[in-house]
Amino acid sequence: MHDFLIKELNNTNIETELKNIGFDTTYCKKACAKFEYKNIKIFDLTVAQANILKQTALSVGADCGTHKEVITGKKEISSCILGGSLSQLKKIAHKLQSQPFKLKKLSEQILSIIETTPQNRTKIVGVLNLTNDSFSDGGNYFKKEDAIQHLNQLIQDGADIIDIGAESTKPYSKEIPAFQQLEKIIPILEYIKSNNINIPISIDTRSAEVAQKCIALGANIINDVSGLDFDSEMTNLIKNNPQIKIIIQHSKGTPEVMQDDTNYDNLMDDIFLTLNKKVNNAIKKGIKKEQIIIDPGLGFGKSKEQNLEIIKRWQEFKTIGCPIMLGLSRKSLLGMETSTNEEKDLYTLALNSILINQNIDYVRVHNVKTHKTLQNILK
């Protein structure tokens with residue numbers, strides 16, 4: 001009796017695998033769509049929309065999970081899970097274009113997921129904390145000369161962006177007035193300008209006053225951990241400065257209270273829907289979508305287990321349509337509260353290596369050098 005020899009393929013380059021077995025090279029690229037699968041969650045469809053989607057999926061050999069009462073009409077609204085190969089999903093999308101109930105719009109959104117272009121190399125965002133109480137390096141760069149030395153080191157180590165902050169937003173930290181933040185940040189920005197240092201600068205602040213003065217001094221990005229909730233003037237400021245990017249982060253409340261309640265009905269859905277709403281609201285108020293970067297907010301109102309779940313499933317936020325940043329560097333999710341920063345950096349690098357290999361848009365880190373070394377190994 002002959003035993004079959006079987007191996008599961010985890011290589012994402014299915015085109016290479018097909019060529020290795022002698023598959024027809026003239027059809028290889030087109031065939032790849034039949035071997036790559038996606039599961040898509042579509043929120044809040046009507047009964048008519050859900051039934052049409054399900055029947056369309058079945059007609060091409062794919063499937064669509066709906067609420068059990070959709071078929072009876074007893075359930076008015078249902079979210080759906082649509083699953084199939086890229087080839088099947090494309091066929092479904094084309095069939096939906098001729099369907100009623102606004103399903104042509106759904107068709108366009110499904111096609112946008114399938115036809116995404118390859119992402120650029122991950123940008124390494126180096127952290128420069130000018131605080132005396134940040135969770136990992138508070139006080140290390142509180143003096144101007146120490147901050148400037150570290151700034152130059154981050155640049156030398158290969159940072160793509162420098163993220164400067166003068167207000168700790170670790171759990172249970174208190175608000176720092178704008179004037180105190182500016183006392184620390186302005187000398188650094190003036191140093192950058194006077195020395196013609198050409199590197200994008202991000203300012204980690206919730207304050208529109210701080211953001212405005214930093215933009216005037218050359219800042220390129222505002223990193224608002226409140227997701228535009230803290231200061232009502234921040235949205236107008238970003239709208240009136242279309243050259244500036246804004247990082248909209250998910251946070252469950254302010255730093256003072258965010259860790260008091262880490263309960264979610266559905267962690268990934270709740271964060272996804274909140275970020276999507278924030279992005280849409282920002283666009284409605286005049287901010288351009290190309291200005292927006294989103295951050296699921298590791299450590300901001302999440303437990304260790306929840307943070308790790310976000311890291312595993314970060315790609316689910318791609319369909320919001322904005323670049324994605326994650327910052328896990330030295331955070332408590334590592335479970336290393338008593339370890340040295342050098343030890344934390346090793347495990348930070350281990351987790352970030354997964355994200356970099358998956359081409360996440362930005363990672364925010366304290367140790368730039370190790371991450372740039374990793375990037376050079378992987379390229």
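Predicted model: local features only at pLDDT ≥ 70, side-chain atom pairs only at ≥ 80, totals over all residues.
Residues are numbered from 1 along each chain as its sequence is written, and side-chain values use heavy atoms, leaving out hydrogens and water.

Now stay on Ile 164 and show its surface. Ile 164 counts as buried because its relative accessibility is 0%, buried being under 20% relative accessible area with a 1.4 Å probe and protein chains only.

Next, select the residues that Ile 164 touches (heavy atoms within 4.5 Å). Leaving aside residues up to four places away in sequence, they include Leu 128, Leu 130, Ile 185, Leu 189, Ile 192 and Ser 202. Ile 188 is one of these contacts too; draw a C-alpha to C-alpha distance from Ile 164 to Ile 188 and you get 8.9 Å, for 24 residues of sequence separation.

Finally, zoom out to the whole protein chain. Colour by secondary structure to find 13 helices and eleven strands. Along its principal axes, the C-alpha trace spans about 70 × 55 × 40 Å. Of the 379 residues, 47% count as buried. Contacts in the protein chain with a separation of 6 or more come to 67% from residues 24 or more positions apart.

How values were computed:
Buried < 20%, exposed > 50% of the residue type's maximum accessible area, 1.4 Å probe, protein only. Helix = DSSP H or I, 4+ residues; strand = E, 2+ residues; numbered from the N terminus.
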